[in-house]
Amino acid sequence: MAATATPRVRALRSPPGTLGLYAKAALPLLPGASMLPFVPGGGGPLPRTRWTLDGVRADADQLAAYARVCGFQLRDALPSTYVHVLAFPLHMALMTDGSFPYGAVGLVHLRNRITQHRPIGVGEAFDLAVFTMPPQAHPKGTTFTIVSEARVGGELVWQDASTMLKRGRPPKGAAPAPPRARDRGPAAKDLPFVARWRLPESLGRQYAAASGDRNPIHLHALSAKLLGFPRAIAHGMWTKARCLAALAPTLPDAYTVDVAFRRPILLPGAVAFAADPAAGRFAVRSAKDDTKIHLEGRVTAP
């Protein structure tokens, strides 16, 4: 049996700027651009590269802005979803590298799972690493997962797995998706109503300013329409963060929170937050129809 190649490491000295990376992400939309070696989207296997950034610390102003837009109370520890924000520039660097086989524009965020092994202090420094898992076949194309890890002194304190869908025919050799585990908990439509949230048209721009996630489908109705949406849509990770902010008093120091993004939330709009903290279940539903689920999630032990 041939030895497994050692993953290549791309060690960054500072967080890459996401504005320039979004411009690079749009290059595959130009006819023939993906043939150029520095442009992503040319096909082929997912690269086995680890992108790393050491000595990461929260920026006080960014953290305060993030807390305001997501509904968190500022505490001694970082919200677990905020660590995702700090890893996001590495996600963009990975997906806009010339070796990445898919164009970032058009990818669909299906699921996000975060495990907090222990809280990360507001002033604590940690090391980040980001890499991909092998692709899997999906009824609508191919999924792949971007894994992020945060370590303090070599100790794994936080993990994040974002599963993305690339629409189209799965590549040869893609592993079949594992069978979905049977969920015996209460259905999302049956969870107790907790609150109604009204989301302004500007929400996508507010979250983009705080997080650096400036995907045009979230910013304006015009840019969203160019990409197939009737209006701008809320960021999935904002929706998850807003749920965790509401659940914060019930969360332990260590937990796993897994969400599935079921349908986009159009802006402006209103949604209903429903939760059963004792069962570890929560959901975001249409404010008018409990059967229309935008997000469903579960909190479990890590």
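The model is predicted, so to speak of local features we ask for a pLDDT of at least 70, and side-chain atom pairs count only at pLDDT 80 or more, while totals for chains, interfaces and linings use all residues. Residues are numbered from 1 along each chain as its sequence is written, and side-chain values use heavy atoms, with hydrogens and water left out.

- Buried here means under 20% relative accessible area, with a 1.4 Å probe and protein chains only.
- Helices are DSSP runs of H or I with at least four residues, strands are runs of E with at least two, and both are numbered from the N terminus.
- Leaving aside neighbours within four places in sequence, Phe 126 is in contact (heavy atoms within 4.5 Å) with residues including Leu 53, Val 83, Ile 120 and Val 152.

- Ser 80 belongs to helix 3 (residues 80-96), and with a relative accessible area of 3% it is buried. Beyond its neighbours within four places, it touches Ile 114, Gln 116, Trp 158, Leu 244 and Tyr 255.
- Helix 4 (residues 203-211) has Leu 203, Gly 204, Tyr 207, Ala 208, Ala 210 and Ser 211 buried. They cover an arc of only 170° around the axis, so they sit on the same side of helix 4; the arc is taken from the directions from the helix axis to the C-beta atoms.
- Those buried residues pack against helix 2 (60-70), helix 3, strand 8 (193-199) and helix 6 (236-247).
- Gly 212 follows helix 4, and its phi is positive, near 85°.

**Rings**

- There are seven aromatic pairs, counting rings of Phe, Tyr and Trp (its six-membered ring) with centres within 6.5 Å; planes under 30 degrees apart are stacked, over 60 edge-to-face, and the rest tilted.
- Phe 100 and Tyr 102 pair edge-to-face, at 5.8 Å centre to centre and 90° between the planes, and both are buried.
- Phe 100 also pairs edge-to-face with Phe 144, at 5.6 Å and 70°. That pair links distant parts of the chain, 44 residues apart.
- Tyr 66, Phe 72, Tyr 82 and Tyr 207 are linked into a cluster by ring pairs.

Terms used:
Buried < 20%, exposed > 50% of the residue type's maximum accessible area, 1.4 Å probe, protein only.
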